[in-house]
Amino acid sequence: MRLGLSVLLLSLTRSCWCAPQQQTCHPGDEFLGRCSNSVGADKPTCTELNLGYCNDMEYSRTIFPNTLGHRSSVDAESGPEYLLLSVIHGLLNGECSPEIRLLGCSVLASPCKEDKIIKPCRSTCDAVRKDCAHAFESIDMAWPYFLDCDRFFASDQEGCFDPLAGLKARQELEMSSYSPEEPSTIIQFIYTSNTQMYSLLKRTAAKCSQISHVYSIGRSTEGRDLLVIEFSKNPGQHELLEPEIKLVANMHGNEVLGRQLVIYMAQYLCSEYLLGNQRIQTIINTTRIHILASMNPDGYELAASEVEDNNDPELSNQEGHLLNGWTNGRTNAQNLDLNRNFPDLTSIFYRNRRSRHYRLDHIPIPDAYWFGKVAPETYAVMKWIRSLPFVQSASLHGGDLVVSYPFDFSRHPQEERMFSPTPDEQVLKQLARTYADAHETMSNNDTERCGASFYRTRGIINGALWYSFAGGMSDFNYLHTNCLEITVELGCDKFPSEAELYPEWKRNKEALLSFMESVHRGIKGVITDLNGNGIKGATVSVRGIKKDVTTAEHGDYWRLLNPGTHILTATAKGYSRVSKRVYLPHSLTKAGRVDFVLKKVPIEPDIDDHLFPTVDTWERFDPYNQFERFGEPDVREGGIERQEKPWWWNYFSQSGISPPNWLLRSV
């Protein structure tokens with residue numbers, strides 16, 4: 001509807017650029033000076049500013065005819081340009097308001113002096129257009145023609161006025177009223193719609209373009225962007241030895257606090273970096289941070305609409321955000337729980353953990369997985385996780401106050417609550433402890449726990465010991481990549497009231513910053529050949545931890561480790577094996593540097609490759625294009641319905657066995 005209205009308005013404005021027709025002025029309007037029937041009415045004349053939507057301008061007199069050809073205020077108020085200004089606030093969901101309105105009024109009703117027009121400044125128009133371009137793009141609307149910066153605005157040399165000068169002065173006055181003790185970064189602690197979220201992230205990236213940019217990793221079921229904002233001293237590229245971390249929020253659409261917290265964090269990082277905050281500058285200059293504020297924007301849309309309905313005083317049910325807390329909007333638009341939709345690699349790990357022939361890190365995705373229902377959000381996040389060398393991650397949820405860590409799936413299928421540690425139990429436990437201890441209340445013994453008993457473990461727990469489930473994102477991160485991910489449950493209320501947003505920010509800000517800083521521990525290094533060339537895909541193993549990490553594109557690696565003595569071994573196919581003994585003291589405040597140089601050696605055939613051949617490899621991702629094929633509408637060209645999945649489809653999907661190629665070719 002909004003798109004249709006904007007198209008209508010734009011077509012009207014374009015169609016009305018001809019010379020305005022003669023109008024008969026009502027005697028009452030002529031008496032008030034709003035128009036004139038006299039022959040000299042076309043002569044530019046200063047008059048009182050009497051345009052209802054523009055009466056708050058910083059001046060009281062304007063000129064007619066104006067630059068758009070309107071001969072009077074009645075003529076201007078009846079024009080499509082004025083109509084567009086009256087609805088632009090709603091069209092843009094409040095974005096760029098009142099800047100756009102003030103800019104439009106400066107053209108419709110420019111100030112005058114001695115019957116001469118004073119045009120608005122082109123530099124102001126250019127700045128607003130740059131800042132608001134994303135808001136117009138989000139509703140597929142062109143920039144209004146009557147705000148053409150070159151056509152209707154003047155340069156500083158020609159003499160012009162800034163229509164936003166008063167607004168800027170008021171904003172500066174408001175900021176100066178804050179006491180020195182208050183934070184220098186000003187954040188508006190309110191909920192943001194999906195459109196507002198996209199606009200805010202894009203504006204933040206534009207404000208800090210030297211350290212930030214936004215990119216999309218895909219689209220949701222209903223076509224909404226999965227937008228990521230990145231912070232780094234060189235955004236858009238991986239730097240040698242710079243660790244990469246990610247924050248993922250709103251995986252369940254009705255768990256919204258994490259979404260707001262990371263949006264605030266993006267604003268905070270940008271603003272504090274520019275203000276010279278040394279801690280923030282160090283974090284951004286040494287770390288590449290990726291923030292996905294909403295993994296499930298479709299679910300959020302439903303959850304937010306339910307909250308709005310329940311807060312409506314006209315409705316009898318007044319439960320508000322509490323009514324929505326546990327169900328509405330949790331799943332995506334396909335009714336899939338995204339945190340149960342990832343490949344179940346944990347079962348594969350348990351089946352093969354005692355076999356020396358089976359690699360227990362970087363476990364491939366079974367081909368059979370692709371014959372199930374894969375959500376586009378899951379697909380996009382998996383591609384994202386595989387494309388960057390993430391070291392650690394936090395997934396932000398709601399419903400309790402605790403940090404859980406892998407494994408989330410019990411090592412015994414019949415046990416709903418069973419301690420199920422990974423080989424990196426101590427490292428993951430320390431990672432969880434970092435967040436919980438830095439949180440204002442999470443590790444306190446006297447904190448209410450939504451009916452659970454996590455105060456005994458000071459706010460952390462092994463996921464499967466809490467409750468077991470398969471197909472989770474944290475287990476997938478651990479078993480398919482180098483990345484160690486924790487799950488942060490931020491509180492009992494999944495959709496807290498707006499009044500709680502600022503207190504929650506205060507409770508979680510330090511925990512989020514401490515989590516980012518914690519990636520700089522353990523060891524890092526580069527694995528090269530004798531010529532100094534980085535070796536991609538080399539492995540680094542730690543004695544006693546049956547989980548290897550692999551090197552990135554240029555041979556760099558990161559291995560999170562707790563303090564102590566460790567024996568590291570680096571190797572790669574076709575290269576020698578080199579081991580080193582490393583001591584990490586408790587006082588170490590940054591990752592230790594351990595490099596390896598490997599010599600080329602003849603490749604000897606491995607008998608295990610013949611005895612235990614594997615069809616699945618790590619590189620195989622959606623190998624039969626099943627996701628793309630069945631993610632499209634079930635209609636072929638000519639309107640013929642696509643054939644439904646064959647009878648054997650569900651068997652292989654549920655059994656975890658890959659179907660033979662001859663059967664796949666029959667589809």
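I counted a disulfide as a pair of cysteine sulfur atoms within 2.5 Å. The model is a predicted one. My search of the whole structure turned up 5 disulfides, and I wrote up three of them.

**Entry 1: disulfides**

I started with cysteine 46, which is joined to cysteine 112 with an S to S distance of 2.0 Å. Cysteine 46 sits in strand 1 (residues 45–48) and cysteine 112 in strand 3 (residues 112–113), so this pair ties together parts 66 residues apart in sequence. I found cysteine 46 buried at 13% relative accessible area and cysteine 112 buried at 14%.

Next I looked at cysteine 121 and cysteine 160, whose sulfur atoms are 2.1 Å apart in a disulfide. This pair links distant parts of the chain, 39 residues apart: cysteine 121 is in the loop between strand 4 (116–117) and helix 6 (122–138), and cysteine 160 is in the loop between helix 7 (149–152) and helix 8 (165–176). The link of cysteine 121 and cysteine 160 is right-handed, with 90 degrees about the S-S bond. Is each cysteine buried or partly exposed? Cysteine 121 is buried at 7%. Cysteine 160 has 22% relative accessibility; buried means under 20%, so cysteine 160 counts as partly exposed.

Then I checked cysteine 208 and cysteine 270, joined by a disulfide with S to S 1.9 Å. The pair is 62 residues apart, with cysteine 208 in the loop between helix 9 (194–207) and strand 5 (212–219) and cysteine 270 in helix 10 (residues 257–274). The torsion about their S-S bond is about 85 degrees, so I noted this disulfide as right-handed. Cysteine 208 is buried at 0% relative accessibility, and cysteine 270 is buried at 1%.

**Entry 2: strand 10**

I found 6 of the 6 residues of strand 10 (residues 400–405) buried, so the strand is largely enclosed by the rest of the structure. Asp400, Val402 and Ser404 lie on one side, and Leu401, Val403 and Tyr405 on the other. Which strands pair with strand 10? Strand 12 (residues 484–491) runs antiparallel to it over 5 bridges, with aspartate 400 opposite glycine 491. Strand 11 (residues 460–462) pairs with strand 10 in the parallel sense over 3 bridges, and valine 403 stands opposite isoleucine 460.

**Entry 3: helix 14**

Helix 14 (residues 345–352) has 7 of its 8 residues buried, among them Phe349 and Tyr350. Helix 18 (473–480) is part of what covers them. At the start of helix 14, I noted a side-chain oxygen of aspartate 344 within 3.3 Å of the backbone nitrogen of threonine 346.

Notes. Residues are numbered from 1 along each chain as its sequence is written. This is a predicted model: local features need pLDDT of at least 70, side-chain atom pairs count only at pLDDT 80 or more; totals for chains, interfaces and linings use all residues. Side-chain values use heavy atoms; hydrogens and water are left out. Buried means under 20% relative accessible area, exposed over 50%, partly exposed in between (1.4 Å probe, protein chains only). Helices (H or I, at least four residues) and strands (E, at least two) are DSSP runs, numbered from the N terminus. Contact means heavy atoms within 4.5 Å. A polar contact is a pair of N or O atoms within 3.5 Å; within protein, one must be able to donate a hydrogen and the other to accept it, and residues adjacent in sequence count only if both atoms are side-chain atoms. Two strands pair if DSSP finds at least two bridges between them.
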